[in-house]
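This report goes through one protein model, from two listed residues out to the whole chain. Keep the sequence and the structure in view while reading.

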Amino acid sequence: MREIQNSPIGVFDSGVGGLTVLRELYRQLPQESILYFADTARLPYGNREASEILQFVREILAWMTGQNVKMVIMACNTSSALALEAVRQEFDLPILGVILPGAKAAVKQGKRIGVISTPATAKSQAYRQAIQEINPEAQVWQVGCPQFVPLIEQNRIWDVYTKQVAQEYLSPLLAHDIDTLVYGCTHYRHLEALIKTIIPGTIKLIDPASYVVQAAKKELELMGLSKISPASPTRFAVSGCSESFSRLSQQWLGYCPFVESVSLPVSFSPTLAWEQIEVLE
């Protein structure tokens, strides 16, 4: 049991968006060791088909289980929307997504809820379904924002063009007089300072990263897998250029991380877990 307790938590995203979840892990679970993977060779995920996303997630999880992680957090809303339920049946370890924790938090804050997300997440209706299952009276408006992830990954957050794009995406939500705005993509938290210059200060902002880490903490405690000894340094790996990721992530991490380049499994045949672990959301 102690060996499993000392195993890392796996966190993955298409790029730097998942760093918002990583920072919450540092804050809420500072004793836990982390393996962070960014699938930068194939970003953005938000314009891809569901079948592609599912295959990507299977490959990432197959690699992560080979690294002996004890839990995986999908720090990617697109993956959570399109692949979470399938892979939970295929892998015998707890896997958490960001959508349900985000939806629960949003419902506690308001009833006129706007969601900005990738086009794939918006098309899936995952947030609308999750929110209205919790509160059928809540109204939900979703906007797909295809340009946000590329702009963030290119470090163009404060470009004049980026603000114009943000105003265009947020305008229909503001027209519906929303009282709550959900970051339906972990990348978008990096735009918060910009978003706050566009929306009224009365609108409550929901970052699912904070809430998925709360769920992870509860799950680890429930399963007796919480780490007691100090954390090992975070291990970073990418499928694309390690130097580019290291440079870009420095502004949010506060240090320049050492980043490995890894090759994911080229094929994967899932083995169904006979005893699926129910994740406490």
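## Two cysteines

Cys185 lies in the loop between strand 7 (180-184) and helix 10. Helices (H or I, at least four residues) and strands (E, at least two) are DSSP runs, numbered from the N terminus. The model is a predicted one: local features need pLDDT of at least 70, side-chain atom pairs count only at pLDDT 80 or more, and totals for chains, interfaces and linings use all residues. Residues are numbered from 1 along each chain as its sequence is written, and side-chain values use heavy atoms, with hydrogens and water left out.

Cys76 is placed in the loop between strand 3 (71-74) and helix 4 (77-88). An unreviewed UniProt entry lists Cys76 and Cys185 under "active site"; UniProt positions are given in the numbering used here, feature names are shortened, and annotations may be inferred rather than shown by experiment. The two span 110 residues in sequence, yet no two of their C-alpha atoms are more than 6.5 Å apart, so they gather at one spot. Cys76 and Cys185 also both belong to the lining of the largest cavity. On a 1 Å grid over the protein atoms alone, a cavity is a set of points where a 1.4 Å probe fits but cannot get out, and lining residues have an atom within 4 Å of a point.

Are these residues buried or exposed? The relative accessible area of Cys76 is 4%, so Cys76 is buried. Cys185 counts as buried because its relative accessibility is 7%. Buried means under 20% relative accessible area, exposed over 50%, and partly exposed in between (1.4 Å probe, protein chains only).

Contact means heavy atoms within 4.5 Å. Not counting residues up to four places away in sequence, Cys76 touches Phe12, Asp13, Tyr45, Val98 and Thr186. With neighbours within four places left aside, Cys185 is in contact with Asn77, Ile116, Thr118 and Val149.

Glu192 lies in helix 10 (residues 192-196). Its relative accessibility is 13%, so Glu192 counts as buried. Beyond its neighbours within four places in sequence, Glu192 is in contact with Tyr183 and Leu205. The side chains of Glu192 and Tyr183 make a polar contact (2.8 Å). A polar contact is a pair of N or O atoms within 3.5 Å; within protein, one must be able to donate a hydrogen and the other to accept it, and residues adjacent in sequence count only if both atoms are side-chain atoms.

## Strands and sheets

Two strands pair if DSSP finds at least two bridges between them. Six strands form an open sheet in the order 4-3-1-2-9-10, with parallel pairing. Strand 4 and strand 10 (259-261) stand at the edges with a single partner strand each, so one side of each is left without a neighbour in the sheet.

In a regular strand the side chains alternate between the two faces of the sheet. Strand 3 is covered on both faces: Met71 and Ile73 on one side and Val72 and Met74 on the other are all buried.

Strand 5 (residues 112-117) is mostly covered, with five of its six residues buried.

| Strand pair | Bridges |
|---|---|
| Strand 5 and strand 6 (residues 139-144) | six |
| Strand 5 and strand 7 | five |
| Strand 1 (residues 9-13) and strand 3 | four |
| Strand 2 (residues 34-38) and strand 9 (residues 235-238) | four |
| Strand 3 and strand 4 (residues 95-96) | two |

Ser117 has Gly144 in strand 6 as its bridge partner, and Gly114 stands opposite Leu181 in strand 7.

## Helix 5 and the whole chain

The buried residues of helix 5 (residues 99-109) include Ile99, Pro101, Gly102 and Ala103. Among the elements that cover the buried residues of helix 5 are helix 4, strand 5 and helix 7 (126-134).

The protein chain has twelve helices and ten strands. Of its 281 residues, 56% count as buried. Along its principal axes the C-alpha trace spans about 50 × 40 × 35 Å.

Definitions and conventions
1 Å grid on protein atoms, 1.4 Å probe; cavity = no way out; pocket = protein on both sides within 12 Å on 5 of 7 lines; lining within 4 Å.
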